[in-house]
Amino acid sequence: MRKLVAFTTLAAVAGLSLAAAPKAPNQAPNAEAITASFMQDVLYFLSSDAMEGRNTPSRGFDTAALFIASNLAQWGLTGGGDPPALRDPKQGPLAQFLYHIELQSSQVNAAASSVELAGHQYGYQSDFTSTNGAAGQASGPLVFVGHGYVEHKQNIDPYAGINVRGKILVVEGQPPEMVAYESAMLAYFRAAQSGDSGAARPINALGAAGSDFLTPEQYAAQNGALAVIHDDAPNPLAALLRGPATAAPNNSEANPYPTPPPNVPTMEMTRFQPKTAATVPSIVAKAGLWNAILAAKSDPAARATVTVASDVRKARTEDVVALLEGSDPVLKKQYVIISAHLDHVGIGRALNGDIIYNGADDDGSGSTGLLNLAKAFATGPRPKRSIAFIWHAGEEKGLWGSLYFTRYPTIPLAQVVTDLNMDMIGRSRAANDNNAADDRLTKADEIYVIGPQVSSADLERTMDKVNNSYYKLSLNHFYDRTDDPEQIFYRSDHVNYANQGIPILFFFDGVHVDYHQPGDEPQKIDYQKMEKVARTVYAIGWTLATEATPPRLNAVLPPALVKAMAGAKAGNP
Ligand SMILES: [Zn+2]
């Protein structure tokens, strides 16, 4: 009974705007199925404290994913997730919508790691660190091999005439190309850590590791060397990636909401690091150990024992994927992808006593809009092309879910005509808001659109045509470029689709005072704006899925995108 009262109140509030809503253009036959009241009901669930900020991976995130799947199943949509053999029977009709991603993080066990040389014992962190986290024990003579990189194009082979089998490689310095590449990667990861995600991935001038060149670790693994010891100068990148030697103790029993220790290594998608080649322990020696190693250079009998122990933690998360088959026997082979990220940043540092980062706008709003779009498409007429609705995991961790999906797609990416991505569509700037942190927040009838002016004038024409015949939202192109200093183009899941050569259109309301703060809560959302934006996305999606000719990529693309497209192609399995 109480619920019904609440529902009636919400419906009445929503009704105020419905009366004033323009009639949906005929290219959007079921737009009225998208309502502020439905989205309110969904978003108050997805961004409730019970979801604990939907961190990847977490029980709160899994709960949100099952909630999405449960709705999708009711509307008769088809799953686009795990193949039948990999589905969990305990998840019944929901399993088809879940596309699992295996995660792994490993951390060096400092207490169990050591180096022994000339009767001295050296400790982890005080005397050395690991560059690759590879665990193992290696005992053998030292062999000094310069920088240790084999560069095929330059005919550089530091190992000519040296048999490394059963030995420990000692390497000093790096080729200048590697130094430049690692510095660029360091900046890339720092950017990723400070924002929603990072910039375009730097490219190594030496070419591809393993084919164009071999790292000392790769050469060691292929030629029977047991371990690699580096001097302290290079590898700032490796140090950053591996993080500190020990994590803060897992005190989850005592405190259900531990503050995550800073700089703990993020989880890795294990399918991205296939164990095709054996790895050897690789360490960086600090000054004391390094001096002892140099002293041993003149002693051909000098032996060392390198022990690196590591604790591995496995977990899994999932994208949620639903498919709607198109009505046209030919065009249904093509897809429009509509995406949002379901995750947020979880539980963290308290602000005003609040430790749950609810992520109502980021990206509960996009996830909620996407769910209502799925409902509108599933319960209304079908467009000619098929639609894939995708809720991504791990966006906040580095666009994991979309990277995974574009690497291991469950639909043919060559048949995807566009990705429409919604990441933050629920906040608006009030006229009397003088908070400088809200300077870039869009107004109630405004939204940033990113992508068309980067890569597809066709897509911009379709977008404008639909919008001009509908809500006439103010479509702001401020971030619609690849060279904006805030790098918005690179900071959500659409960029992984763009890198695959797919035209993309990203809807974004702008950074605001509650961005990535515990105060990003559902009561601050402008549900009327969400309704307008989601209906507009629906109408654009409908048009793209129905028009005879899909949008083409521009003949001339920004060099950064061309480069990223080539990089994605090279990285595809
Ligand atoms: Zn986001």
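Tyr219 sits in helix α5 (residues 216-223); helices here are DSSP runs of H or I with at least four residues, strands are runs of E with at least two, and both are numbered from the N terminus. This is a predicted model, where local features need pLDDT of at least 70, side-chain atom pairs count only at pLDDT 80 or more, and totals for chains, interfaces and linings use all residues. Residues are numbered from 1 along each chain as its sequence is written.

Is Tyr219 buried or exposed? It has 23 C-beta neighbours inside 10 Å, so Tyr219 counts as buried. The cut-offs are 20 or more other C-beta atoms within 10 Å for buried, 12 or fewer for exposed, and partly exposed in between, with C-beta atoms placed from the backbone. Leaving out residues up to four places away in sequence, Tyr219 touches Gly148, Val150, Tyr159 and Leu214; a contact means C-beta atoms, placed from the backbone, within 7 Å. Thr279 is 60 residues from Tyr219 in sequence, yet their C-alpha atoms are 10.0 Å apart.

## The nonpolar cores

The largest nonpolar core has 99 residues, and Leu373, Ala374 and Tyr538 have the most contacts inside it. Helix α14 gives the largest share of this core, ten residues. A core here is a set of buried Ala, Val, Leu, Ile, Met, Phe, Trp, Tyr and Cys residues joined through C-beta atoms within 7 Å.

Tyr538 itself touches Ala28, Ala31, Ile34, Leu373 and Ala376, again not counting residues up to four places away in sequence. There's also a second, separate core of 37 residues, which includes Leu206, Ala220, Trp290 and Ala304.

## Where α2 meets α14

Helix α2 (residues 36-46) and helix α14 (residues 527-544) have axes that come within 9 Å and cross at roughly 110°. Axes are lines fitted to C-alpha atoms, for helices over the stretch in contact, with angles from 0 to 180 degrees between N-to-C directions. The two helices are therefore roughly perpendicular to each other, a label covering 65 to 115 degrees, with under 35 roughly parallel, over 145 roughly antiparallel and the rest oblique.

On the α2 side, Ala36, Met39 and Gln40 meet Tyr527, Gln528, Met530 and Glu531 of α14.

## Helix α10 and the whole protein

Seven of the eight residues of helix α10 (residues 400-407) are buried, so α10 is largely enclosed by the rest of the structure. The buried ones are Trp400, Gly401, Ser402, Leu403, Tyr404, Phe405 and Thr406.

Overall, the protein has 15 helices and 22 strands, and 46% of its 573 residues are buried.

Notes:
Two residues are in contact if their C-beta atoms, placed from the backbone, lie within 7 Å.
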